[in-house]
Amino acid sequence: MVALLLSLLACAAGVDLCVKTVPLPSCTAFTTIQAAIDVAQAGDRVLIGPAVFQESLRLPALPLTIASLNGSQATLRPVPGAPALSNRAAGAGACSLRISGLLIVDSAASVDDSAAAIDLACDSAAVSLDDIAVQGCRG
């Protein structure tokens, strides 16, 4: 089990999981976004520094915030054959996701024509996507 530090900055219960160049001493550090997501629990925040990430994110069906820190925009390059953001493996149903500050690029080369760069199976009222840009997507 990974020991996680409680964040002094969080208003709600939960911890901050930081990826790359996030200078918060209260964070547990990770080198990939998915590694932080994999250990996240309900109410946690995955904070992302400005960097380019070559990965597709598999999101759990639990309340989670994934955000670039201080308005910076992290770049996500999906792996071939997979959407950039998906929670299909977690199963459809209730989930509460807040995702902000991502630039998804080269999705046309990564996802076949029948797929989407963002593939979420949630009640739309439970999903918040802010400051998300997709470049290079065909369809």
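Me: In this predicted model, with which residues is Val 52 in contact, leaving aside its neighbours within four places in sequence?
Reply: Val 52 belongs to strand 4, residues 52-54. Strand 4 is joined to strand 7 by 3 bridges, and the two run parallel. Once neighbours within four places in sequence are set aside, the contacts of Val 52 are Thr 75 and Arg 77.

Me: Which residue in strand 7 does Val 52 stand opposite?
Reply: Strand 7 covers residues 74-77, and its link to strand 4 consists of 3 bridges. Within strand 7, the residue opposite Val 52 is Thr 75.

Me: How many Å apart in space are Val 52 and Leu 76, C-alpha to C-alpha?
Reply: In sequence, 24 residues separate Val 52 from Leu 76. Their C-alpha to C-alpha distance in space is 6.0 Å.

Me: Is Val 52 buried or exposed?
Reply: The relative accessible area of Val 52 is 53%. A residue counts as exposed when this value is over 50%. Because 53% is the value here, Val 52 is exposed.

Me: Which residue of strand 9 is the bridge partner of Leu 76?
Reply: Strand 7 and strand 9 pair in the parallel sense over 3 bridges. For Leu 76, the bridge partner in strand 9 is Ile 104.

Me: How many bridges join strand 9 and strand 11?
Reply: Strand 11 comprises residues 127-135, and its pairing with strand 9 is parallel. The pairing of strand 9 and strand 11 extends over 8 bridges.

Me: Which residue is the bridge partner of Leu 64 in strand 9?
Reply: Strand 6, residues 64-68, pairs with strand 9 in the parallel sense over 4 bridges. The partner of Leu 64 in strand 9 is Leu 97.

Me: Why is strand 9 largely enclosed by the rest of the structure?
Reply: Strand 9 spans residues 97-105. A residue is buried at under 20% relative accessible area. Strand 9 is largely enclosed because its buried residues number 7 of the 9.

Me: Which residues does Ile 33 touch, not counting residues up to four places away in sequence?
Reply: Without residues up to four places away in sequence, Ile 33 touches Val 19, Val 46, Ile 48, Phe 53, Glu 55, Leu 57 and Leu 76.

Me: Which are the edge strands, each pairing on one side only, of the 3-strand open sheet?
Reply: The order of this open sheet is 5-8-10, and its pairing is parallel. Strand 8, residues 85-86, pairs with strand 10 over 2 bridges, and Ser 86 stands opposite Asp 119 in strand 10. The strands that pair on one side only are strand 5 (57-58) and strand 10 (118-119).

Me: About how many degrees is the positive phi of Asp 131?
Reply: Asp 131 lies in strand 11. Most residues other than glycine have a negative phi. Asp 131 is not a glycine, yet its phi is positive, at about 55 degrees.

Me: How many Å apart in space are Gly 136 and Val 105, C-alpha to C-alpha?
Reply: Gly 136 is placed in the segment after strand 11, and it counts as partly exposed at 47% relative accessibility. In sequence, Gly 136 and Val 105 are 31 residues apart. From C-alpha to C-alpha, they are separated in space by 5.9 Å.

Me: What percentage of the 139 residues of the protein chain count as buried?
Reply: The secondary structure of the chain comes to 2 helices and 11 strands. The chain exposes about 7000 Å², of which carbon and sulfur atoms supply 56%. Of its 139 residues, the share that counts as buried is 45%.

Technical notes
Residues are numbered from 1 along each chain as its sequence is written. This is a predicted model: local features need pLDDT of at least 70, side-chain atom pairs count only at pLDDT 80 or more; totals for chains, interfaces and linings use all residues. Side-chain values use heavy atoms; hydrogens and water are left out. Buried means under 20% relative accessible area, exposed over 50%, partly exposed in between (1.4 Å probe, protein chains only). Contact means heavy atoms within 4.5 Å. Two strands pair if DSSP finds at least two bridges between them. Accessible areas come from the Shrake-Rupley method with a 1.4 Å probe; for residues, only the protein chains shown count as cover.
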